[in-house]
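Take a look at the model below.

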Amino acid sequence: MAPVPSLPIKVGHIDDVQELRKAKPATVPERFIRDMADRPKVVPNLSSSLDIPIIDLSKLMKTDKDEVMQLKTACEEWGFFQVLNHGIDLNVVEDIENVAKDFFMLPLQEKQKYPMAPGTVQGYGQAFVFSENQKLDWCNMFALGVEPPCIRNPKLWPSKPVNFRETLEIYSREVRKLCKTLLKYIAVSLGLKGGVFEEMFGVAVQAVRMNYYPPCSRPDLVLGLSPHSDGSALTVLQQGKDSSVGLQILKGQTWVPVQPIPNALVINIGDTLEVLTNGKYKSVEHRAVTHKERDRLSIVTFYAPSYDIELGPMAELVDEKNPCRYRRYNHGEYSKHYVTNKLQGKRTLDFAKIQSKTSN
């Protein structure tokens, strides 16, 4: 999950946003203030037709044809959906939210025992920062490699809260089952064998990132998380129960807020599935915004093929009408490319695209 940078990376001073919030400075520090074009704009009265699709997993598991079609539409037209009846015990969901919140509420000195080294994506801090003048997100992150065990960095697994490790292990096991189930029905929706992705992925890689967004006095100037698509195959997002609405996805030219549904999880298609489906199912740009008075917590799981696997568009999804749009590549190489570049929309996927001869 976290390749070691080949050269030292200078990121300059990075303020901890929770500490900034406590200090209540009169102005937001310059490194957090976005250029005019990148600042979040309030979009009033969005139509309810712009609510992302909802999938009922209990119906999918009965191979309900209407639900399979709904899943197909969600993956083709949105790249995002919320899943109900996902099968993860609500106590497990509540427990991970509690330990995540408890971790972020620890004193800064305690959290800094698990630092995210510049150029890596495990530990506490800010990921995807590669220069001293790069704009920063109004967010604290805590990220860990979970599966397979060889990607774990045991020094970064915290001793406090005391039940953190056990809670994360239980939660991750359940999310892993959910990802396998969803991929089975995503394959079915494509007209493929249900087990095709599990067979292809080998020992799947799984990582978790917990994000904490404190309130910000000027939410109109900052972003909680820069626009990006995910490098995973599937991403599972759990939004904190009493959190502000912060996740937005890019639909056409409009940033659409994702209204959390109680007891649902948000699922999105990652770059890897876009490549495997030859662009039929697309990863979608998303970002996080902040709130003036309310904080936000999210717990994100990334599920992807083994780093050893060679990937490319599946033969069944390539024909004369749908020529091959992506080259074959080693997934470990793409993962390294993804985590060693700053978040810039879908630009990291250029790594895999076959450039047309007529492109400028």
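Two cavities of 30 Å³ or more are found in this structure, which is a predicted model. Consider the second largest cavity. Its volume is about 160 Å³. Its lining counts 19 residues. Nearest the centre lie Leu 225, Leu 237, Leu 247, His 286 and Val 300.

What classes of residue make up the lining of the second largest cavity? Nine are nonpolar, six are polar and four are charged.

Now trace the lining back to the strands. At least two lining residues each come from β5 (205-213), β6 (225-228), β7 (234-239), β10 (265-269), β11 (286-288) and β12 (296-304). The largest share belongs to β12, which gives four residues.

Two of these strands, β6 and β11, lead us on to a sheet. In general, the strands of a sheet pair through backbone hydrogen bonds, either parallel or antiparallel. Here four strands form an open sheet, in the order β6-β11-β8-β9, and their pairing is antiparallel.

Look next at β8 (residues 247-251) and β11. Three bridges join these antiparallel strands. Leu 247 stands opposite Ala 288 in β11. Leu 247 is also one of the residues nearest the centre of the second largest cavity. That brings us back to where the tour began.

Note on methods. Residues numbered from 1 in each chain as written. Predicted model: local features only at pLDDT ≥ 70, side-chain atom pairs only at ≥ 80, totals over all residues. Heavy atoms only, no water. 1 Å grid on protein atoms, 1.4 Å probe; cavity = no way out; pocket = protein on both sides within 12 Å on 5 of 7 lines; lining within 4 Å. Points joined across faces, edges and corners; volume = space filled by probe spheres on them. Nonpolar A, V, L, I, M, F, W, Y, C, P; charged D, E, K, R; others polar. Pairing = 2+ DSSP bridges.
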